[in-house]
Amino acid sequence: MKVGFALPQFHQQAFEVARVAEFARGIEAAGGASLWVGDRNLAAVHPKVGYGGQGTTIPAELNPAADPFVVLGVAASATEHVLLGTHVLVAPLYPPVQLARSLTTIDLISAGRLLAGFGVGWSPEEYEAAGLDFATRGARMDELLRALEAIWTTDPAAYDGDLVSVPPHHAPLKPARRPRPPLYLGGQAERALRRVAQHGDGWLPFCVVPSWIDLDELERQRAFVDEAARKADRDPDAIDSVLRVNIDAGTSSEQVVTALGRIRERTGIRHVMIDTMYSDASVDQSLERASEILDGVRKG
């Protein structure tokens, strides 16, 4: 199983963001497969919609958030082999030209190691702050994917949609990965899963250890993606999965390793990213936990 880890970006670890390069090198040296960032443009004081689209609260751990593009760029320059992913960027918040430029730069710095992971998000206030309509986020994502395809694969490049438009422009600087970086898409709703099946190179599900590991639901969602892919004349086996594993506070590394074994056995998922923002308050603690988990997976 490939095991990756979230970079120091949120909660207490965000205040040690100057140690991103050190953390990235440590994970690579320990045998980690990938490094990841998430995205939180803001955490509203009085949210209309809560974390993950549920309730009306957002965990305090998401209040401090370092910039994902800068953090991933630093990690790219500090490493040589690990994959570099976004799980996930709230992609519709960004103008397509700027999003393409940032991701192209990271992919070039890393010599083609970028996995571009996108989601539509769940926070109305984030869309409000960007001057965008929250209700059109799904349609905006669909157009954004087509705009990125044009920017990354043509020169001159242009795209004209109902919600997203890019004027004809010179676009000679392309990602190192050709024809473009692989696109991974998150989401659990049927529309999001259908988007994975139709447009994604990979799917980004999630779980929480130990409080929320619904393997039946993971299998159901993956089966939906596979069937929708076949209907779209795509090979389901060509669609990868990378599972986000959030760790609850107070959880041992042994519990995480045991859970990873169950997940692999039941679902066939072979790549996970571990997020320690809830379980570890410092970069040192996160590095120690990463070493414990990697050792446990190897022994298992």
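Which residues does Leu99 touch, not counting residues up to four places away in sequence?

**Figure 1. Overview of the predicted model.** This is a predicted model, in which local features need pLDDT of at least 70, side-chain atom pairs count only at pLDDT 80 or more, and totals for chains, interfaces and linings use all residues. Residues are numbered from 1 along each chain as its sequence is written, and side-chain values use heavy atoms, with hydrogens and water left out. The protein has nine helices and 13 strands; helices (H or I, at least four residues) and strands (E, at least two) are DSSP runs, numbered from the N terminus. Its C-alpha atoms fill a box of roughly 50 × 40 × 40 Å along the principal axes. Of the 300 residues, 54% are buried, where buried means under 20% relative accessible area, exposed over 50%, and partly exposed in between (1.4 Å probe, protein chains only).

**Figure 2. Salt bridge between Arg19 and Glu22**. The structure holds 18 salt bridges, each defined as a side-chain nitrogen of Lys or Arg within 4 Å of a carboxyl oxygen of Asp or Glu. In the bridge between Arg19 and Glu22 the N to O distance is 2.8 Å. Arg19 counts as buried because its relative accessibility is 19%, whereas Glu22, at 36%, counts as partly exposed. Both residues belong to a network of salt bridges that links Glu16, Arg19, Glu22 and Asp284.

**Figure 3. Salt bridge between Arg266 and Asp216**. The closest N and O atoms of this pair are 2.6 Å apart. The bridge links distant parts of the chain, with Arg266 in helix H8 (residues 253-267) and Asp216 in helix H7 (residues 215-231), 50 residues apart. Arg266 is partly exposed, with a relative accessible area of 37%, and Asp216 is exposed at 54%.

**Figure 4. Salt bridge between Asp275 and Arg244**. Here the closest N and O atoms lie 2.5 Å apart. Asp275 is in strand E13 (residues 271-275) and Arg244 in strand E12 (residues 243-247), 31 residues apart in the chain. Asp275 is buried, with a relative accessible area of 4%; Arg244 is also buried, at 11%.

**Figure 5. Helix H2 and its cover**. Eight of the eleven residues of helix H2 (residues 68-78) are buried, so the helix is largely enclosed by the rest of the structure. The buried residues are Pro68, Phe69, Val71, Leu72, Gly73, Ala75, Ala76 and Ala78. Their cover includes helices H1 (20-30) and H3 (96-109), together with strands E2 (34-37), E3 (83-86), E4 (89-90) and E5 (114-119).

**Figure 6. Surroundings of Leu99**. Leu99 lies in helix H3 and counts as buried, with a relative accessibility of 1%. Not counting residues up to four places away in sequence, Leu99 touches Phe69, Leu89, Ala91, Tyr94, Phe118, Leu144 and Leu148, where contact means heavy atoms within 4.5 Å. Among these residues, Phe69 is one of the buried residues of H2. The C-alpha atoms of Leu99 and Leu144 are separated by 9.7 Å, and the two residues are 45 apart along the chain.
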